[in-house]
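Colleague: I am new to this structure. Could you show it to me and take a few questions?

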Amino acid sequence: MQLLVLAGALVRRARRPSRRLGLLFKGTALVALLCVFEALLHAHLHGIPRPPRDLDEPFARHCQDPRIAAQRPREKAALVMLARNSELDEARKTIQNIEAQFNQWFNYPVVFLNNEPWDPAFVRELNASVSGQAIFDTIPAKDWFFPPGVSPDKARESMAQQAASGVYKGGLESYHHMCRFYSGAFYTQPALAPYKWYWRLEPGVRYTCAVTYDPFAAMASHGKTYGYTVALWEEPATCPSLFREVDAYREANHLPATPHFNTLLETADRPWYQRPWPVRKLLGLLGRPHTSRAGERWNLCHYWSNFEIASLDFFRGAAYQSLFAHLDRRGGFYAERWGDAPVHSLAVHLLLPPAQLHHFSDFGYHHHPFWQCPGNAPGEGQLPGNEALDGGPGREQGAAGWTRESEGAIGCRCRCGGEDGTWRRNNRGICLERMQRAAAATRVGWWERWRGRYPYSIGVPG
Ligand SMILES: Nc1nc2c(ncn2[C@@H]2O[C@H](COP(=O)(O)OP(=O)(O)O)[C@@H](O)[C@H]2O)c(=O)[nH]1
Ligand SMILES: *[C@@H]1O[C@H](CO)[C@@H](O)[C@H](O)[C@H]1NC(C)=O
Ligand SMILES: [Mg+2]
């Protein structure tokens, strides 16, 4: 109303030439005012409402007797490791580690995938390391190659350019194939057809706490679809157009920009001069990296996909696969070096409600150079004297094998590293906090945010 009165006054004054300068000034002020008002409204509309309670809690806050959990029936699930024959040593160490920390009690099958035929030595040694069934499969050639619409010559030219301009792993053709594979065809591999759930392993990763319950059963009973550990920023140069393509797909398919999707936006963290509508629109039209056509910018946060416990049914379903097909047609797995991690993360925030995501904040997990470790729940929480936890293959350290217990910690017999076992880092928690915002009733206050003190996860003390 006040704006209308002001506009009316301006029109009246326009007839008086002596006041032209004043008019110019007031016109500019009016436009500026409208821009500020729009920017505030825009921020408000993109705010993330606080749910009445935390939508994602840890599945466990201390040790349980794994033999009791193991009495329940298994899910249709498998551990899956993509590996090269040359990674035999690291693959074996990782399998021995997951057997010691988890699978010796649950005996889930492990599916090994390779784009090349397996070495008999790899098969022999890894088969001997798995307590459940070990399955060795070779990926069909078409799933480890350029898609039909992409010319191999052009793709190789582009990958050479990426190498020259220092894009992280941009020059490695096999790495591009691997990222494309994990983004799409992984889920429809015949070897995974019998299963509903997968737990992704990589040669070289380590689990630093005991997992004394069945995470697949927990995912199922809590209505979860996608589970993660570490969250961090993507290398910007690997995927300048990825967010634009995902958002274009969203618009073309009339998918709403839900608060869960908006947790991926920089809206509230953008510099003030990028917030007004004309500037946003211009940045969008200019095709700025990580920016949608409407001018929304992705904060580059994603879950690190070298760990995933997730539903195969979701990822092989029509909603995800049609998003993947769109991205595949756009060619960014080769013209750029889109990683499967940001693809999965953008997809689950676009297609799933926040309550269907789970942070395995009770897991100790390490993939060089990042990790998370929850620390040890105090006292009885460690089940001192429990035979299964004190002994068993790979548990020879037994009763002495865990670091100092601390109040509020939720892990089971974790070895967290650092002199006093207090290494708990999960990338300062900044991306975790942002991506969990739609599920978090407990929020970081502005003071903590300003000090850079982010808790490790919702519902878990930092
Ligand atoms: N069979 C096979 N596996 C690969 C190839 N490249 C990567 N991988 C696997 O893909 C996963 C991710 O690769 P990695 O080198 O760890 O990439 P990073 O974790 O992103 O640095 C690991 O499980 C690797 O074993 C490849 O050319 N052939
Ligand atoms: C793995 O070992 C088991 C038991 O020795 C054997 O029956 C099975 O055939 C082996 N599997 C492979 C793929 O070699
Ligand atoms: Mg790796």
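Colleague: Let us start with Glu308. Which strand holds Glu308?

Modeller: This is a predicted model. Glu308 lies in a strand that covers residues 308–311. That strand is S9.

Colleague: What does UniProt list Glu308 for?

Modeller: The label comes from the UniProt record, and the entry is unreviewed.

Colleague: Is Glu308 buried or exposed?

Modeller: Count the C-beta neighbours of Glu308 inside 10 Å: there are 22. A residue with 20 or more counts as buried. Therefore Glu308 is buried.

Colleague: Which residues does Glu308 touch?

Modeller: Leave out residues up to four places away in sequence. The contacts of Glu308 are then Arg200, Gly227 and Tyr228.

Colleague: Now ligand 1. Which helix gives the most to the shell around ligand 1?

Modeller: The residues around ligand 1 include Ser174, Tyr175 and Met178. The helix that gives the most spans residues 173–183 and supplies 3 residues. It is helix H7.

Colleague: How many charged residues has the shell around ligand 1?

Modeller: Among the residues around ligand 1 are Arg84, Glu87 and Glu202. By class, the shell has 5 nonpolar and 4 polar residues. The charged residues number 3.

Colleague: And which residues are around ligand 2?

Modeller: Helix H5 (120–129) and strand S3 (134–138) each supply at least two residues of this shell. By class, the shell has 3 nonpolar, 1 polar and no charged residues. The residues around ligand 2 are Val123, Asn127, Ala134 and Phe136.

How values were computed. Residues numbered from 1 in each chain as written. Chains lettered and ligands numbered in written order. Predicted model: local features only at pLDDT ≥ 70, side-chain atom pairs only at ≥ 80, totals over all residues. Near = placed C-beta within 6 Å. Helix = DSSP H or I, 4+ residues; strand = E, 2+ residues; numbered from the N terminus. Nonpolar A, V, L, I, M, F, W, Y, C, P; charged D, E, K, R; others polar. UniProt positions renumbered as here; feature names shortened; annotations may be inferred. Buried ≥ 20, exposed ≤ 12 C-beta atoms within 10 Å, placed from the backbone. Contact = placed C-beta atoms within 7 Å.
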